Amino acid sequence: MEHIDIGYTAKLARLELSKDEQELYSAQLGRILEYFHVLSSVDTSGVEPTAHANPLHNVLREDVAVPGFGAGPALANAPQQREDQVLVPRVIE
Amino acid sequence: MASVDGYDAVIGLEVHVQLGTESKMFTDAPYYFGASPNELTNPVVMGMPGTLPVLNKRAIEKTIQVGLMLGCEIPQVSKWDRKHYYYPDMPKNYQISQYDQPLCLGGSVEIELDGPSRNVMGEHRRVSLTRIHLEEDVGKLTHVADGSLVDYNRAGAPLIEIVTEPDIFSPEEAFAFLTSLRNTLQNAGISDCDMEKGQMRCDANVSVKPVGTTKLGTKVELKNLNSISGVRNGLRYEIDRQIRELKAGATIVQQTRRWDAEAGVTSLMRTKEEAQDYRYFPDPDLMPVRISEDWKSQLAEGLPELPFDRQRRYMADYSLPYTVTSVLCSNRQLSVFFEEAIRQHNNPLAIANLITNDLLRELGAASSGSEVEDGERRSLDSLGVSAVGVADLVAMVDKGVLSNQMAKEVLSGMIATGQSAEAVAEAKGLRQSSDSGEIEAICRQAMEENPKAVQEFLAGNEKSINAIKGRVMKATQGKANPTLVDQVLRKLLASG
Amino acid sequence: MNQDSLAYLPASKLARLLASGELTSVELSRSVLERAEHLNAQVNAFLGWDGEDLMAQAEASDKRRKADKALGFFDGIPVALKNNIAVKGSLLTCGSRMLENFVSPYDATVVERMKAAGMLVWGRLNMDEFAMGSSTETSYFGSTANPWDLTRTPGGSSGGSAAALAAGMSPITLGSDTGGSIRQPAAFCGIYGLKPTYGRVSRYGLVAFASSLDQIGPFGHCVEDVARMMEVLCGVDPKDSSSYPAPVSPFHAELELALTGGRPMVLGLPVEYFKEDGLDPAVRRAMDEVVAYYKGIGWQIKDVSLPNSHLAVPTYYVIATAEASSNLARFDGIRYTHRSESASDAVDVYFKSRGEGFGEEVKRRIILGTFVLSSGYHDAYYLKAQLVRTLIRNDFSKAFGEVDLVLTPTTPSPAFVRGERITDPLQMYLNDIYTICPNLTGLPAISVPCGFASQNLPVGFQLIAPHFEEVRLLTAARAYEKGNDWHTRHPAL
Ligand SMILES: [Mg+2]
Ligand SMILES: [Zn+2]
């Protein structure tokens, strides 16, 4: 069975998981990855990857500025704010 | 290569430069420095659910222009990728950047190393670039007692990242690189590159190795280098630190360190184990860009001459001294001003001297206290003197209407009043007298009042003419054209 | 006209009544509201609505119509939206605790278009959390029932949109489709559901699940409703770089034209899909009847091969979860979402807010998506899936060289019982087997009601067309509709 390091992956995804969740996901995702394994045997030599469903290029916007919506609407949903800025608990670097 | 204590340093730089566009990279919100907090936001900037990015054409064009100026290869297709990491200043917790298909590959920046003395041109060489890519800037965090405040005004501003090869070998070369890069970008109107406003930011990778060895040492990444001299000072400290460590028998651990300009030291931020896994993948919301030859040549047409090319041309075509050209060519505005002035009056040396000495002194006085090293001079326009005005002033000197001393006074008057050289000279009554009849009369009087000097001159003492000249100048309050006075006196003396 | 007599009328029929003056938008809206109020406790299709606002919009519409200034065919018709489509000033929860209190400061482009067409945008429809699920059971706000059998799921993730329409609670609804999220619930609820060509309808304002797969599309009681709704929704949008500058047809007008003047079409049956053991006998029987019907009207049925179809589910789940893990990174407790009360520093805010704010299925997919993109696995999973995606695309290109449309069941079975599959994610993923290929390839597809299995459970078939050939899709659906009345049957509620 494919091993997935749930602890490491959850850390990358900034997800706190309970011990139960970790065990559950570990088992389920192991099975799912096993099922995904069929992909590895497919011959894809000479094939270009598809990243977009439509082959568009150069979808560009002229450099014209429109006034922003300002701090009010920007922060209307903020859990905490002060002085027109989002307040977050201390950032430890 | 500048060896220190038997070690050589190897440096690579990552320079971020904000492109001076009207709107942000992926949305039409405006970007400029100094707006009130979160004023320059919209749903896209805030990374709100359901919003989508759209590419800013001008930002792409400016990036391609940078690449063209620096001799980069511009690939036919370039694409956008998401780079994931969590930080409160990044609204989507991924940065839209370019991973494996950036807009520019390779290229180089010409730098000038320190010469044997200040007025002799130093050696030039090219520092190789790895790539230049286009991405979005993040917001700004301010730490307060009970947390951090986030302002997203800067978030989404177009940012290019210029990555060098490990092709820089001393803090001084890093300084020269950034100076040259800044001049080049400012010169082309790509960015103002004001490091104090965060328009140009630099991270450095630095390692040391014993002289004569080829294997690179373990590199340390330096952050928070907030000025060009900060880069130099931070690197100097860090290179010394690494050498000290190695000499003490320690090994260098791969890590990221922060430069503290005030304390003058670097300190540990994080080690390699905490390095991040960015999980790059192509942004499905953005389509690739195809760059045709036509588009490229159209963009190339809009590019100015590079600063070093211009400097060489000034030295060759106008026989200007190196020191004067290095000032003139450090700033696009100065050279444009200079070229406009010499089109009006063809005396490059006098005009160049006037700009680099007098005008810049006036500008320095007007913006005293600001650090000139980072190029943040006040704009020439602020003096209110036009290139044509300067040309007219020099022309008046050349015609003998004004003496050099008078010209300085007239220039001050032009700056103070905004009037033309002619009008200021008129108002101040500054005008060399070139009326030979009048001068002849004064000269005759001066000779009469100074018979001793006349006799001595006639006896062969060349210098004694100066005493008579002095009297003439005194009598005319300095307004007589000295050349004319000399001619008239000699004529009168010869005729007895 | 009484409320229940209006409930199941197609939106296009209602629009004609509005146009002829036999009905006002206020009357219609009142009946819609009353029915929603009456039925929602049983069905839980709606997360909420603003009745006053709907009535105000209806009055404005009636005024326009009186002044002969109706904005379009659908002026005055209420349209309810899946709650992952942004409406300014309205809650946009995506069925998640994470966005429980999030009020959108802007309108999605489709909302702007519908408002410009005079439609009454109202109601927030239930959905699987962030559109992740096939049963509308992963919603933080409780699951939705299938109006045909309240013990069963309406499908998902647009289960609220399908159930509301099937129960007659809104004459037209919008959903979004990332792997079948419109078509599968349409089939389970006995109605029409269309996923347009990728790039047809702007995604601006649709909360992204998997950006390269998502499309907004309509649910309707009849083909004309769907066609007319497409005319409102389609069009290039400068705010969405993936929106395609394709001409927008007057779809509804082209249908009859194509049927009367057009040639009989060739429908392709993918041989691989009918070999599946998982295909329910009732669905197989219904498919046989569909084939017989088309043959009966002189259309041709041909076997086609989609040799890589067995790779579709893994390919889809790698790409969808990878993109989702990235799209959902912005929900972090910092700027506008749920923030954990117990977080002590900024890093803690991320871990705890996301741990608390996301439900089980969303977390599972974020983990999976993060894993397939992470260093050391990216090439084996994510890149490989992108390569196989090309192979699947090529399969369809080849098939469309031989046939006009591909015909498949929409789902392997009729609606399943609520709670039955939720504990087995892989089983749930396999349920999408027929619907995910149009998302991987960007092709348009429709689910058409085609009968009932035992216990009165609706069954649907799916038609898939080449890119931007929605008219072909709708024409074939209309040809079937003409000779069948499955779509006129309604649940007993
Ligand atoms: Mg970098
Ligand atoms: Zn960068």
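A salt bridge is a side-chain nitrogen of Lys or Arg within 4 Å of a carboxyl oxygen of Asp or Glu. Keep that in mind for the first stop of this tour. The model on screen is predicted.

**Stop 1: a helix in chain B**

Select B:K296 and B:E293. These two form a salt bridge, with their closest N and O atoms 3.1 Å apart. Both residues sit in helix α4 (residues 293–301) of chain B. They are three residues apart, about one turn of the helix. Now colour the pair by accessibility. B:K296 has a relative accessible area of 14%, so this lysine is buried. B:E293 has 55%, so this glutamate is exposed.

**Stop 2: where chain B meets chain A**

Show chain B and chain A together. Here 51 residues of chain B are in contact with 37 residues of chain A. The two chains bury about 3700 Å² between them, 56% of it on carbon and sulfur atoms. Pick out B:Y86, B:L149 and B:M287. In chain B they lose the most area to chain A, together 15% of what that side buries.

Next, look for charge pairs. Two salt bridges cross the interface of chain B and chain A. Select B:D146 and A:R82, which form a salt bridge with the closest N and O atoms 2.5 Å apart. Polar contacts link 24 residue pairs across the interface of chain B and chain A.

Which elements of chain B give two or more residues to the side that touches chain A? Highlight β2 (55–56), α1 (57–69), β9 (140–144), β10 (147–151) and β17 (289–290) of chain B. Of these, β10(B) gives the most, with five residues. The residues on that side of chain B divide into 27 nonpolar, eleven polar and 13 charged.

**Stop 3**

Chain C and chain A bury about 5100 Å² between them, with 68% on carbon and sulfur atoms. Select C:R339, C:F351 and C:I367. They supply 13% of the area that chain C buries against chain A, more than any other three residues.

How many salt bridges are there between chain C and chain A? The count is two. For one of them, select A:E21 and C:K363, whose side chains meet at 2.7 Å, N to O. There are also 18 residue pairs in polar contact across the interface of chain C and chain A.

Now highlight the helices of chain C.

**Stop 4: the nonpolar cores**

Select C:M114, C:F130 and C:Y294. They belong to the largest nonpolar core, of 194 residues, and touch the most other members. Centre on C:Y294. Leaving aside neighbours within four places in sequence, its contacts include C:L267, C:W299, C:F461 and C:Y480. A second, separate core has 62 residues, among them B:V15, B:F26, B:L103 and B:W295.

**Stop 5: a buried glutamate**

Go to C:E481 in helix α18 (residues 470–482) of chain C. Is this residue buried or exposed? The cut-off for buried is under 20% relative accessible area. C:E481 has 7%, so it counts as buried. Show the side chain of C:Y192 as well: a polar contact of 3.2 Å joins it to that of C:E481. Leaving aside neighbours within four places in sequence, C:E481 is in contact with C:Y192, C:C222, C:V223 and C:H487.

**Stop 6**

Side chains of opposite charge can pair when their charged atoms come close. The whole structure holds 59 salt bridges over all chains.

Select C:D107 and C:K115, a salt bridge with the closest N and O atoms 3.0 Å apart. C:D107 is buried at 13% relative accessible area, whereas C:K115 is partly exposed at 36%.

Move on to C:D177 and C:R183. Their side chains meet in a salt bridge of 2.8 Å, N to O. C:D177 is buried at 0% relative accessibility, and C:R183 is buried at 0% too.

Finish by selecting B:R82, B:D283, B:D285, C:R203 and C:D240. Salt bridges that share partners join these residues into one network.

How values were computed:
Residues are numbered from 1 along each chain as its sequence is written. Chains are lettered from A and ligands numbered from 1 in the order in which they are written. This is a predicted model: local features need pLDDT of at least 70, side-chain atom pairs count only at pLDDT 80 or more; totals for chains, interfaces and linings use all residues. Side-chain values use heavy atoms; hydrogens and water are left out. Buried area is the accessible area (1.4 Å probe) that two parts lose on being put together, summed over both. A polar contact is a pair of N or O atoms within 3.5 Å; within protein, one must be able to donate a hydrogen and the other to accept it, and residues adjacent in sequence count only if both atoms are side-chain atoms. A nonpolar core is a set of buried Ala, Val, Leu, Ile, Met, Phe, Trp, Tyr and Cys residues joined through side-chain atoms within 4.5 Å. Buried means under 20% relative accessible area, exposed over 50%, partly exposed in between (1.4 Å probe, protein chains only). Contact means heavy atoms within 4.5 Å. Helices (H or I, at least four residues) and strands (E, at least two) are DSSP runs, numbered from the N terminus. Ala, Val, Leu, Ile, Met, Phe, Trp, Tyr, Cys and Pro count as nonpolar, Asp, Glu, Lys and Arg as charged, and the others, Gly among them, as polar.
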